[in-house]
Protein chains: 2
Amino acid sequence: MILLRRQLGDVLRAQRMARGMTLREVSAGAMVSLGYISEIERGQKEASSELLASLCSALDVPLSAVLREVSYAVALEEGAVPAPTPIPVSQPTGRPVVASAA
Amino acid sequence: MILLRRQLGDVLRAQRMARGMTLREVSAGAMVSLGYISEIERGQKEASSELLASLCSALDVPLSAVLREVSYAVALEEGAVPAPTPIPVSQPTGRPVVASAA
């Protein structure tokens with residue numbers, strides 16, 4: 001069973017990390033206890049709609065953007081979209097690609 | 001403040017209507033009380049992740065599709081995307097468009 005709170009927690013943590021913010025900073029900005037935010041990020045607690053709005057505000061990210069990312073992550077887990085293929089870092093010959101100095 | 005549960009409720013109701021299902025049918029399929037589903041659809045109660053998964057299963061709609069629709073509805077409310085313009089049903093002259101019989 002794919003659980004929204006797990007995917008939501010992952011996305012919220014990724015958004016926080018991308019901004020270089022600590023749990024303490026988000027906690028102060030959203031006026032929510034640090035422990036509670038940590039549990040939400042780990043997918044252990046459900047975030048109420050009001051709390052989610054506060055977290056998005058503290059992270060300065062639109063709720064729609066968070067939901068779009070969560071939707072994509074859920075679709076990946078459902079197998080609805082193929083996982084992105086890693087970009088090869090070397091040529092088929094096995095030789096590493098070297099940037100031209102020209 | 002844009003609340004997830006209101007947008008989610010709207011999308012869940014629209015999905016149910018689109019399938020011509022009654023609250024009773026979804027209630028039986030998801031094994032959740034009819035009153036609770038009704039409150040969720042009206043945005044009055046938060047749906048836990050487990051309940052949301054059950055509702056999606058009863059409606060036979062992927063969770064990712066529901067979240068994508070919710071994300072779009074939230075973006076509209078945020079003003080992040082322009083509202084769709086209604087398609088005109090008549091020519092600029094005011095004459096209705098008639099399909100050619102040729």
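Trainee: How many residue pairs are in polar contact across the interface of chain B and chain A?
Mentor: Before counting, note that this is a predicted model, in which local features need pLDDT of at least 70 and side-chain atom pairs count only at pLDDT 80 or more, while totals for chains, interfaces and linings use all residues. Residues are numbered from 1 along each chain as its sequence is written, chains are lettered from A and ligands numbered from 1 in the order in which they are written, and side-chain values use heavy atoms, with hydrogens and water left out. A polar contact is a pair of N or O atoms within 3.5 Å; within protein, one must be able to donate a hydrogen and the other to accept it, and residues adjacent in sequence count only if both atoms are side-chain atoms. Across the interface of chain B and chain A there are 12 such residue pairs, both residues being at pLDDT 80 or more.

Trainee: Which helix of chain B gives the largest share of the side that touches chain A?
Mentor: Helices are DSSP runs (H or I, at least four residues), numbered from the N terminus. Helix 5 of chain B gives the largest share, nine residues.

Trainee: What area is buried between chain B and chain A?
Mentor: The size of an interface is often given as the accessible area lost when the parts come together. Here the buried area (accessible area, 1.4 Å probe, lost on being put together, summed over both parts) is about 1800 Å², and carbon and sulfur atoms give 61% of that area. Leu4(B), Ser49(B) and Leu67(B) supply 28% of the area that chain B buries against chain A, more than any other three residues.

Trainee: How many salt bridges are there between chain B and chain A?
Mentor: Side chains of opposite charge can pair when their charged atoms come close. The rule for a salt bridge asks for a side-chain nitrogen of Lys or Arg within 4 Å of a carboxyl oxygen of Asp or Glu. Between chain B and chain A the count is two, and Glu50(A) with Arg5(B) forms a salt bridge at 2.7 Å, N to O.

Trainee: How many salt bridges does the whole structure hold?
Mentor: Over all chains the search finds 10. Within chain A, the side chains of Glu41(A) and Arg13(A) meet in a salt bridge at 3.5 Å, N to O. Glu41(A) lies in helix 3 (residues 34-41) and Arg13(A) in helix 1 of chain A, so this pair ties together parts that are 28 residues apart in sequence.

Methods:
Buried area is the accessible area (1.4 Å probe) that two parts lose on being put together, summed over both. Helices (H or I, at least four residues) and strands (E, at least two) are DSSP runs, numbered from the N terminus.
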